[in-house]
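Welcome! Please have a look at the structure first.

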Amino acid sequence: MTRVAAVDCGTNSIRLLVADVDPATGSFTELDRRMTIVRLGQGVDETGRLAPEALERTFAACRAYAAAIEELGAERIRFVATSASRDAENSAEFVAGVRDILGVEPEVITGDQEAQLSFDGATRELAGSDHLAKPYLVVDIGGGSTEFVLGSDEVEAARSVDIGCVRMTERHLVVDGAVMDPPSHERAAAIRADIDAALDVAERTVPLTGAGTLVGLAGTVTTIAGIALELEAYDPKAIHHARVSRGQVRAITEHLLRSTHEERAALPVMHPGRVDVIGAGALVLLGVMERTGAHEVVVSEHDILDGIAFKAAEGGPFGG
């Protein structure tokens, strides 16, 4: 067993996992898992740059994570940066800040690498399982991008497309600096059009129909699962491997798009940092389910962060 620290810095959130990992057997003992909404991708779609205030929020979270990593005595650290830092002109400023705080070089990975790590994190625990049909289509809905990965025991096809919940919100729902609340039908239709176009692109690489099981990852999916389960508080154990039907996702999406900020914030499983972007994220999930024909999505709390932890224990470069 190797004690590792994995950090996943995305467009909307930065997350930490400290765990004892044996990559050979897939055994995994979680010691600390936490998330902070930092909205690193604030304005990147429009300006092409990371905003100073977004960088400072991210660096503050990194300082807190550095203290936790030191306290738990992790032997290896891997820091992965995804969509926002790939797109930004001033990504070098971000890299330098993380290096100063955590003492490791941030690894700005490609969309294909992101997809493979998500697949590994979500499916390694399913090895040898016969209760979910193969192949799996793993869909990771992030803030800036969504990853599609098809495979059974190994990745067979992967593609990343730019339809994350933050990107879609900022592109279509922000008017005069504020998010439309609730969005108009025309704005929601514009998001759907972007989603359809991105799914056309993804489908050139990844077959979107015919998978045995649709596996959904990340905060949009887990939040929708919590709403579907009518949880009184966010409960990862209840959400992990929950099955949510397409009808439930459609009803929840329609409800979220009709709701005000206050009504969405009052949902007991809603993280404050997701209140304004959950509607766009729900549209992505619904669009995926309609395109794939999936009757349900199997929700996983294990995702790219777990994949990074496995890779940290194994050592070596990321594939893809």
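Helices α7 and α12 cross in a right-handed way, a crossing being right-handed if the near helix is turned clockwise from the far one by less than a right angle, and left-handed if anticlockwise. The model is predicted, so local features need pLDDT of at least 70 and side-chain atom pairs count only at pLDDT 80 or more, while totals for chains, interfaces and linings use all residues. Residues are numbered from 1 along each chain as its sequence is written, and side-chain values use heavy atoms, leaving out hydrogens and water. Helices (H or I, at least four residues) and strands (E, at least two) are DSSP runs, numbered from the N terminus.

**How α7 packs against α12**

- The axes of α7 and α12 lie 10 Å apart, at an angle of about 45°; axes are lines fitted to C-alpha atoms, for helices over the stretch in contact, and angles run from 0 to 180 degrees between N-to-C directions.
- The two helices α7 and α12 are therefore oblique to each other; under 35 degrees counts as roughly parallel, over 145 as roughly antiparallel, 65 to 115 as roughly perpendicular, and the rest as oblique.
- On the α7 side, the contact (heavy atoms within 4.5 Å) includes A188, I191, R192 and I195, and on the α12 side A280, L283, V284 and G287 are among the residues involved.
- By class, the contact of α7 with α12 has eight nonpolar, one polar and five charged residues; Ala, Val, Leu, Ile, Met, Phe, Trp, Tyr, Cys and Pro count as nonpolar, Asp, Glu, Lys and Arg as charged, and the others, Gly among them, as polar.

**How α7 packs against α6**

- Helix α6 (residues 165-172) and helix α7 (residues 185-203) have axes that come within 10 Å and cross at roughly 135°.
- This pair, α6 and α7, is therefore oblique, and the crossing is right-handed.
- From α6, M168, R171 and H172 meet R187, A190, I191 and D194 of α7.
- Three nonpolar, one polar and three charged residues make up the contact of α6 with α7.

- The largest cavity has a volume of about 80 Å³, where a volume is the space filled by probe spheres set on the grid points, which are joined across faces, edges and corners.
- Its lining has 14 residues, with L173, P183, R264, D276 and G279 nearest the centre.
- Helix α12 gives the largest share of the lining of the largest cavity, three residues.
- The lining of the largest cavity divides into 10 nonpolar, two polar and two charged residues.

**Open pockets**

- The largest pocket holds about 760 Å³ of space, and R15, M35, G219, R274 and D303 lie nearest its centre among 37 lining residues.
- Eight nonpolar, 17 polar and 12 charged residues line the largest pocket.
- The second largest pocket has about 350 Å³ of space and 21 lining residues, of which Q116, F119, D120, R124 and E154 lie nearest its centre.
- Helix α5 gives the most to the lining of the second largest pocket, with six residues.

Conventions
On a 1 Å grid over the protein atoms alone, a cavity is a set of points where a 1.4 Å probe fits but cannot get out, and a pocket is an open set with protein on both sides within 12 Å along at least five of seven lines; lining residues have an atom within 4 Å of a point.
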